[in-house]
Amino acid sequence: MYENKGYKLYDIDDIDCMSDDEVKTINHDRLNTKLTELLKILDCDKVYKDADNCIIKDSKGNEYIDFLGAYGAMNLGSNNPHVVDALDKVKNKLNLAFIGLNPYEAGLAENLVKLTDNQLQHVFFCNSGSESVESSLKMARAATGKTRIIYCRNSYHGKSFGALTVTGQTHYRQKFEPLIPDMIEVPYGNMEELEKELTKGAAAFIVEPIQGEGGIITPPVNYFKEVRELCTKHDVLLILDEVQTGFGRTGTFFAYEQENIVPDILCLAKSLGGGIMPMGACISKEWVYQKAYGELSTCMLHSTTFGGNTYACAAGIATIETIVKEDLVKECKEKGEFLMEGLNNLKERYYGIKEVRGRGLMVGVEFENNIDDTLKEANGIKELPFNSYGAYIASGLINEYGIVTAYSTNNMNLIRLEPPLTITYDQIEKFLSALGNLLLENSEFDICNVK
């Protein structure tokens, strides 16, 4: 440690020497107090130290299989060697170039355009999914001259002010209202309500191909085909938020490919940075970009300091190369089918599983009912402030079987599964066995009786 103004400060070498208690105390006192307390109740306040692909190690040397993947940010797993190597190759390069051009930014932009089959032509780089969404909303208003933005109930687009305004979840919004005006909510999958609002005019309709935070909600058949047709008919831009679904997560490189449509604006982030660098991108059609920012007087209306920096772009270039060369999109589709088959087999055996849904390796498992105090006490989580069966399952998986998952804050009876695309079949089988055992262990409780 070193001193400044009489205070002892950590240097980088000190961090590995911190005790678990020290880490937990600082998290509680300096970071998120109540989240730290909740993690303690669930016995999920592990202090993680090392990670390799799908395996995470805590400070005690215990190993865990990562079945959460940072909600879709870890498509390549932790510390992918190709991404790490790419970052090493640029360690002596200029990271930020403002008065000049960055070849790494240019190369990644060209790759992303080609991945859309040249159907989207202009790229704006930023640092997160929320920033990508903010970029898309501003671009839509600037390009169309209209102000209304339509979004879906139950959606999640981020927590910055604009992104939060088009997030259709009350518990995230209510403490910050009033939010940005002229943002209109419609039910996800409801064409009648959407068309009613489209006929009134709007700059854009923003929507997720699959609602992630909303509970892994998949769209009705032909929904996006009809959405595309209606947006075109009413001269409304279609913004697709593929922050979670992009880069192979659902079994195609971009989820919209399964719908045979092309958006006007595409939002990307999470796995674009290879699970290491913060990275986002907003990609648009040529005419949309030109209308919004195609003049010398408008070309700098939207920018960000670290967007398109060399390290982030090197990670993005290596990420795409790894996904393509290792055929991870195909693997994701096949592994997803294997996982879904196994989960549906468990659903046939236990009353507790209400529904299994998703695509590729973006899967939700919803359970029938809330847990009662008897089950909470029997499993050592009687202090849990809500009756969430999803939280109980997530706690059991990590503490009894060393598997990391998470419940959905929008539906606490659901656990989300978004493992790296590099997950092995053996690891999937271990997860299925663990979930089956958890249900069997508690079969005396009504929620998880054996059929």
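Mentor: Strand 4 (residues 55-58) and strand 5 (residues 63-66) run antiparallel and are joined over three bridges, and within this pair isoleucine 55 has isoleucine 65 in strand 5 as its bridge partner. Strands (E, at least two residues) and helices (H or I, at least four) are DSSP runs numbered from the N terminus, and two strands pair if DSSP finds at least two bridges between them. Please keep in mind that this is a predicted model, in which local features need pLDDT of at least 70 and side-chain atom pairs count only at pLDDT 80 or more, while totals for chains, interfaces and linings use all residues. Residues are numbered from 1 along each chain as its sequence is written, and side-chain values use heavy atoms, with hydrogens and water left out.

The two strands belong to an open sheet of four strands, in the order 3-4-5-15 and with mixed pairing. At its edges stand strand 3 (48-52) and strand 15 (403-404), and because each has a single partner strand, one side of each is left without a neighbour in the sheet.

A parallel pairing can be seen elsewhere, where four bridges join strand 9 (residues 204-207) to strand 10, with alanine 204 standing opposite leucine 237. In strand 10 (residues 237-241), five of its five residues are buried, where buried means under 20% relative accessible area, exposed over 50% and partly exposed in between, with a 1.4 Å probe and protein chains only. Leu237, Ile239 and Asp241 point one way from this strand, whereas Leu238 and Leu240 point the other way.

Turning to the interior, a nonpolar core is a set of buried Ala, Val, Leu, Ile, Met, Phe, Trp, Tyr and Cys residues joined through side-chain atoms within 4.5 Å. The largest such core has 77 residues, and Leu112, Phe205, Leu339, Leu343 and Phe431 have the most contacts inside it. Apart from it lies another core, of 25 residues, which includes Ile239 and Met139.

Leaving aside residues up to four places away in sequence, glutamine 169 touches Asn154, Ser155, Tyr156, Glu213, Gly214 and Asn410, a contact being heavy atoms within 4.5 Å. A polar atom of its side chain lies 3.4 Å from the backbone oxygen of asparagine 154.

Methods: Polar contact = N/O pair within 3.5 Å; in protein donor to acceptor, adjacent residues only side chain to side chain.
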